[in-house]
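I opened this entry to keep track of what I looked up, beginning with the ligand and then moving on to the protein around it.

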Amino acid sequence: MTATIGQCGVKKETDSHLFFYFCTFLFLFFSLSRITRYDVATMCGIIGYVGTRPAQPILLQGLRRMEYRGYDSAGMAIFDSQGVFVQKHQGNVQKLASSLPSTPMEGRCGIAHTRWATHGIPNDVNAHPHTDCHEQIFCVHNGVIENHTKLRIALMKRGHQFRSDTDSEVLSHLIEEAWRREQSLEDAVAYALKQVKGTYAVVISARDKKDFLIAARQGSPLLFGVCEDHSLVIASDLSAIADETRDIIILEDQEMLIGTQDAWSIRTLTGEKKDRTTQRLLTDLTTVQKNGHPHFMIKEITESSDLLRMSIAREKSTQEIHARVEAQKYRWLHTTRFIAVGCGGMFYNALIASQGFEAIAGIPSKAITGSSFRYDSLIVDEQTTVLFLSQSGETADTIAALRKAKGQGAYTIGITNVMGSTIAREADETFLIAMGPEISVASTKAMFGTIHVLSELIHAVASLRGKNHPEILNALEQIPDQLAEIVAKRKEIADLTKKYLTCSHALVMGRGYEEAAAKEGALKLMEIAYLPAQAFHSGELKHGPLALISDQTFALFSIPKDDVYEKNLSNIEEVKTRQGKVIVLTTKETEEAQGIADDMMIIPKTISLLQPILSMCALQLFAYAFAMHKGYPIDQPRHLAKSVTVE
Ligand code: F6R
């Protein structure tokens, strides 16, 4: 592939996007820094509306904007003078939308939910809203009620009848019971929530309370906006209310919002009144759109080059990282062991981090997944530095690993895309990647942004330890244009995939840093194209995986033209000798590779530490094209959700 396009047409738009992202970060910084904790559970999206307009379209639009949080089922309850209208279904928001009346219902109060199932399979009954025995109370919930089994057994003994298998349903029954005793619905909700252990963001309404909503949170995000006509929109996510208003309040743990058509107040669960004023959201979050792309995934890959360009060129970014490393000189100079931790795709970036810290900064290093770190007996002490990589900053296993490492005295560092996230707040030192919101479930641009910050960190630590590697910063400057070159060739990549659509299995291979890229390529093929795919170090091929080569398989080798290139060519020969199909992803069209590859993808060359940014981009585009040809949903692969906040 060669560089062919100029990005001028795109740039203006992206400049304004970047401005928007920075403003958003600033806004989030000032607002989220006031929040005590987001422990777990950013999965599922909840929304409520009470005001002067029909609730149905407002709730539906909010659900659409939050769908990346979960799409196993969706439901809505609309309250009007006739009673309550409830629709809930297994499946995504579109399925719910098609079951709703085409002329919006009159009701000016309602609640809605989009679900990523934790307790209870995704089906119609387990979809939210959940109600009590008499269908009086309706509740949407995001979080995990940890003591739900105990509560459910006790409630059942007292005669309550449950319909669903969810943990959430206990809330409606607890409130039903409390309302018999308490004067007001808000006191009943407060009483019920005090019995709950775990995390929740809830929006609640009742059949007999006209135009009245209660919302509360503990550990799960929840905020509300006040519209010009005094209507209220309450949601898990800023994006879900941004169509309606920019005047918002972020609820804090243990706080309850009591809202009617034209008034609202906040109190704590213990009854203390809170005086809060709205903050004006300076940016237009509704601009987080696909911008003409068919999917967020391709939009996010496409914009990554411009975002990285601005991030790399950001005034003082390198100096800032150096200064922060210098400020922790003692820690870095006394680090005898470096461990990088991440889950899923971010674990592959952890592999790159560990190789880089060992090879370039000279610190013995290891990479491990968050789930292994939690339970493995690793040697971690005051001389260990542990790096946590997470786009969302909310991945449960990574957070648990962070807390464990801190507990053992390690120096902890986070690299994340989300300011104010748990990892950003709890790590001793946090570096943010400025890649803007990532909506597609499959992570793309955040992978590249992480490798960028990681490489600057390795550069700074290596310098501190007396090893100068100017080639890292020089190579970084070229990366945005090189990424743009690859993206410009996405049609060619898409055409190439067509030949392999009948294959039922893929092997993806690479050596050194490219092993991480190969793993990312295989993960994306599984995640969005549902193609069984395995990744290996190419040197491992003849120790087993070779047995899988058949006319149903293709082998994809990521082999930049480097000092192990010849060895990789021998591995390819081994596949060709057995009539296997081979795709070579490389940096130079050599005669040897041409002679043995069925197809080639040529990408620009950079230093080996940064090469995975480019290889991963090509492999993501390959998987994207594969999934497109197969007609899969791409942004919302089955069974998955964006933030994995449960163990
Ligand atoms: C893969 C993917 C996931 C995430 C993983 C970690 O495309 O998106 O494997 O990389 O769930 O998520 P974060 O980075 O939010 O910790």
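I began with Gln391, where a backbone N or O atom lies 2.7 Å from an oxygen atom of the ligand; I keep in mind that the model is a predicted one. For Ser392 I looked at the side chain, one N or O atom of which is 2.6 Å from an oxygen atom of the ligand. Lys524 also takes part through its side chain, with an N or O atom 2.7 Å from a ligand oxygen.

Nonpolar cores. Which residues have the most contacts inside the largest nonpolar core? I found Trp332, Leu525, Phe554 and Phe622, within a core of 90 residues. This core draws at least three residues from domain 2 (289-477) and at least three from domain 3 (491-634). Apart from it I noted another core, of 28 residues, which includes Cys139, Val170, Ala178 and Ala192.

Annotated region. I looked up the UniProt record, an unreviewed entry, which places the feature "domain: Glutamine amidotransferase type-2" at residues 44-262. Over residues 44-262 I noted that the chain is 25% helix and 32% strand, while the end C-alpha atoms are 28 Å apart.

Notes:
Residues numbered from 1 in each chain as written. Predicted model: local features only at pLDDT ≥ 70, side-chain atom pairs only at ≥ 80, totals over all residues. Heavy atoms only, no water. UniProt positions renumbered as here; feature names shortened; annotations may be inferred. Helix = DSSP H or I, 4+ residues; strand = E, 2+ residues; numbered from the N terminus. Core = buried A, V, L, I, M, F, W, Y, C linked by side-chain atoms within 4.5 Å. Buried < 20%, exposed > 50% of the residue type's maximum accessible area, 1.4 Å probe, protein only. Domains from an automatic or database assignment. Polar contact = N/O pair within 3.5 Å; in protein donor to acceptor, adjacent residues only side chain to side chain.
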